[in-house]
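Trainee: I am new to this structure. Could we go through the terms used for it and check each against its definition?

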Amino acid sequence: LYTAYHPRYSQRCFGAIFYNIGVMKARLGTYQEVSIAFNWCLMLGKRALGSNHMVIANVQTNIGMVYFEIGRLNDAMKSFLHALHVTRLAKGSNHPDAGRVLFHLGSVHRVRCEYEKALQVYEKTLSIERSNLGEEHPDTIVTLCEIGKTYCLMGDLD
């Protein structure tokens, strides 16, 4: 059992503090400060939990979302790919959490106008969501909407 003075315990606590600061800054729209807070959280989390823990995958996903919001698409892609790798190790390729990270990767491809890649990733996401969550789950419906939006952007209105 860790005490408050144990280095791993304090790193986890400080990591959580930086994570919460990042969430607050995101709500305020100060994304540069969000990035700093989440990166501190990531560093401390890796020290306390190791690189392949689901907490790290969740922080990587959030960092990717920040990068996506500020238009740093290459950095977003790297964060999402790392999060996907860790999520697959921890929960498997067909877990809804892996589908959620795939969804974000598809969004990066769509914004980059890489529509075929976006559709491939969204289709993988949809398959995971249908098998785990069902046809009428809100996540499944959102993914179907993104697929439709991508076809519209390609000019395929059928």
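Mentor: This is a predicted model.

Trainee: Which residues make the contact of helix 4 with helix 5?

Mentor: On helix 4 they include L73, A76, M77 and F80. On helix 5, V101, L102, L105 and V108 are among them. By class, this contact has 13 nonpolar, three polar and three charged residues.

Trainee: What makes helix 3 and helix 5 roughly parallel?

Mentor: Angles under 35 degrees count as roughly parallel. Helix 3 and helix 5 pack at about 20°, with axes 11 Å apart, and are therefore roughly parallel to each other. The crossing of helix 3 past helix 5 is left-handed.

Trainee: Which residues of helix 3 meet helix 5?

Mentor: M54, T61, M65 and F68 do, and they meet D97, V101, H104, S107, V108 and V111 in helix 5. By class, that contact has six nonpolar, three polar and one charged residues.

Trainee: How do you know that the length of helix 4 is close to the expected one?

Mentor: The expected span is 1.5 Å times one less than the number of residues. Helix 4, residues 73–91, has 19 residues, for which 27 Å is expected; from its first C-alpha to its last it reaches 26 Å, which is close to that value. Just after helix 4, G92 takes a positive phi of about 100°.

Trainee: What makes a residue of helix 4 count as buried, and which ones are buried?

Mentor: A buried residue has under 20% relative accessible area. In helix 4, L73, A76, M77, S79, F80, A83, L84, V86 and T87 are buried. The buried residues of helix 4 pack against helix 3 (54–69) and helix 5 (96–111).

Trainee: How many residues does the protein chain have, and what share counts as buried?

Mentor: The protein chain has 158 residues, of which 37% count as buried.

Conventions
Residues are numbered from 1 along each chain as its sequence is written. This is a predicted model: local features need pLDDT of at least 70, side-chain atom pairs count only at pLDDT 80 or more; totals for chains, interfaces and linings use all residues. Side-chain values use heavy atoms; hydrogens and water are left out. Helices (H or I, at least four residues) and strands (E, at least two) are DSSP runs, numbered from the N terminus. Buried means under 20% relative accessible area, exposed over 50%, partly exposed in between (1.4 Å probe, protein chains only). Contact means heavy atoms within 4.5 Å. Ala, Val, Leu, Ile, Met, Phe, Trp, Tyr, Cys and Pro count as nonpolar, Asp, Glu, Lys and Arg as charged, and the others, Gly among them, as polar. Axes are lines fitted to C-alpha atoms, for helices over the stretch in contact, and angles run from 0 to 180 degrees between N-to-C directions. Angles under 35 degrees count as roughly parallel, over 145 as roughly antiparallel, 65 to 115 as roughly perpendicular and the rest as oblique. A crossing is left-handed if the near helix is turned anticlockwise from the far one by less than a right angle, and right-handed if clockwise.
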